Structures are given as C-alpha cells and as structure tokens.
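Here are my notes on the model you sent, as numbered points. Please read them with the structure open.

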Amino acid sequence: EKRTEQGAVLKTGKGLLRTALVYPNTYQTGMSSLGFQKVYTLINQLNSVACERVFLPDKKTGAPVPASEESGLPLHQFDIIFFSISFENDFIHIAQLLVQSGIPLRSSDRNHTHPLVIAGGVACFLNPQPIAPFIDCFLLGEAECLLKPFFDLFFDTPGSPLLTTIESSLPGAYVPSLHTANQSFQITVQYLETLKDTITTSCILTRNAAFKDLFLIEILKGCPHGCRFCSAGFIYRPPRVYPLENICTAIESASGRTDKIGLVSSAIADHPDIDSICSFAITRGFQLSFSSLRADLLNDNLVQALSRSKVKTATIAPEAGSERMRQTINKQITEPDILSAAQRLVEAGIMNLKLYFMIG
C-alpha cells in the first residue's frame, strides 16, 4: 500500500492484536505531539501487536465515524483503544469519539464485545478522576515503563480477571471500577530512572502537522525551575537529560528525511550540552528551532544557532507583566533579562518575537 507519510506503519497478518492509538483532537494537533508518536513507535515494535492512529474527525471533511489513518478501520472494530491525552480540554473529545463510534460512554455499560478502553498521557498524570467513569484502565507514567509489561500481562492472562491482574501486577495501572468513591488507595506514577538508553524522536513526518516536516527531538524531561503555574515542572521530577551522544544519534537519524530539526523540552537552555547539540546539528546542515527560550539563559551560541537556521520568530515567556507577579509565580526572570533577550534576538536578525503571558 502506498504510504503518504514517512514512517507510517501498517502491520498486517493473522493473530495480530489490533490497537487504536487515539489522540482526542485533530490530526494536525496529534501529529505534532512527540509523546503520541513515541507511543505509536513503542507499540508497533511489539511482534504480536499492530497499532494504528485515530484522530477526532475533521468537521470540514464530514467524516462520519472515527477511523484509522493506516487502514480505515472504524474505531469500534479495534481490540484495544489507547487514548493519549495531553490536555484537560480534550476530555470532552473522548466522550465525543466514543459516542460517534457507537461505544457505550461509561465503562460499566460495556461488555466483551466492545474494545478495551485504556488512557494515559500527562493529563492523566495530573488527575485521572474527571474521566475515570469512561476508562477501563489508566496507565499512569512514561510509556517506556508501562506498555510492554501491559501487553505481556494481556497475553498471559486470558479470561475475566484481566483488569484485576493488571492493576495488582503492574505499578502505575489504575482500574477505576475496582475502587469505591470513599476508598483510600494510591497509584504510583512510573518514570524512567535514566534516559541513557532512550531516544525520543518523531517517527512520522508529514506536511499536514502543525510543525511541517519538522523532525522533533526531546532533549530533556522536566524542568528545574519550579514555576508554580507549570505542570511539567511538577510531573517530571527530578528533571532528567538525554545524553549528548543519544541526541547526536537522533540528529543523524533525520538525515535524508528533512533538514529541519525541532528541539523539544520545557527548558531547552538547561541542557548542559545545548551548545554542543546546536553545533553538531548545524555542521550537518540542519536548521534548528526551539520550543521556547528562557530569557535569562539565552546566550550568544543559542542566538547564533537560531540566526544560522534562518529562524524568523523566537519565543520567550515573561508570563506576567510585573516583577512582583513573576516573583509570586516563581518565574525568576527580570525585566532586564527580557529586554536583553529581545535586543539580542533583533540584532541577530530575528525580527518577530512571540511573548507568552497569562492573564487572570
């Protein structure tokens, strides 16, 4: 079958467990999610499992039901549905997708003829309870810790006590139906202890994503700054960095696919080898872009990397309009930091500045 996207996978064959990885928003948004792409890669690496992508149907195309990007299979015909949820705003879309697919909304109303509905992602790390009635099982934590053990248990536990076995045997698994409202219990979110054996990059490149043909590479998980409004700084503690050699390997893997690399992190400039990362990418002919920059950590090497990559717009985040408010939310950058960063960027020919502010 002719594929229109670099890296898309269509696994066929008898005996495959068919799983739908669902991003509860549009294709454009979902394909820009590095976490979503990582889960897609990890599941398709398993021999007995096929993973296909499903997104919120585009109203403009008039798609009647949610269906796979790879095979066109309707969502309700999969064995397992995995929701990858990044934002609480998408909770309502979970209900929309289930209803459009003819799948009972509440977990208690489903039976063995319906797909098993699983959910994970950072929005679930924060608080899974708002959508607990609709989910058969949550996997709370980083996918590298959870997916293979989940499928091992799935294949080794035929019969009705599957979910009970999964929650009792797999740390990070949470089955809402096994708990009552007044019951006290604790689920421990699972994290990788080290990133030394891990690389997280785009697996599919497409011109239809928000970041067109941009090869995304995660260079750091978490953030050391602890701004009080930011969930990433609290979810991923302590911060962990990908080793320089892993990132260089990731950069080289983009050769021949695109000349654009996006470095992804909550705190790009906090990577101890950020200057070496930029130099390595630029000497190999790549253009670089960064998710955002801290004004107080913007050095000449980063500015030059942006300039040499012909970046037209740079993003910095004052968050609040006064020094007092920034102190209140623990955003430890000053007005001179912000003005100095703006001046450096403009002097380097980057004339468009995007500023993040919160109001309220």
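1. Methionine 351 sits in the loop that links α12 (335-347) to β13. The model is a predicted one, and the values below are computed from it. Is Methionine 351 buried or exposed? Its relative accessible area is 56%, and residues count as exposed over 50%, so Methionine 351 is exposed.

2. Met351 also belongs to a nonpolar surface patch of about 440 Å². Which strand gives the most to the patch? That is β13, residues 352-357, with three residues.

3. Elsewhere in the chain, three strands form an open sheet. Their order is β7-β10-β11, and the pairing is parallel. The edges are taken by β7 (215-218) and β11 (287-290), each of which pairs on one side only. On average, neighbouring strands of this sheet are turned by 30° against each other, direction ignored.

4. Within the sheet, look at the pairing of β7 with β10. How many bridges join these two strands? There are four, in the parallel sense, and β10 covers residues 260-264. Glutamate 218 has valine 264 of β10 standing opposite.

Technical notes:
Residues numbered from 1 in each chain as written. Predicted model: local features only at pLDDT ≥ 70, side-chain atom pairs only at ≥ 80, totals over all residues. Heavy atoms only, no water. Pairing = 2+ DSSP bridges. Axes fitted to C-alpha atoms, helices over the stretch in contact; angles between N-to-C directions. Patch = residues over 30% accessible without salt bridge, like charges linked within 9 Å, V, L, I, M, F, W, Y side chains within 5 Å. Areas by Shrake-Rupley, 256 points an atom, 1.4 Å probe, with all protein chains shown as cover. Salt bridge = Lys/Arg side-chain N within 4 Å of Asp/Glu carboxyl O. Buried < 20%, exposed > 50% of the residue type's maximum accessible area, 1.4 Å probe, protein only.
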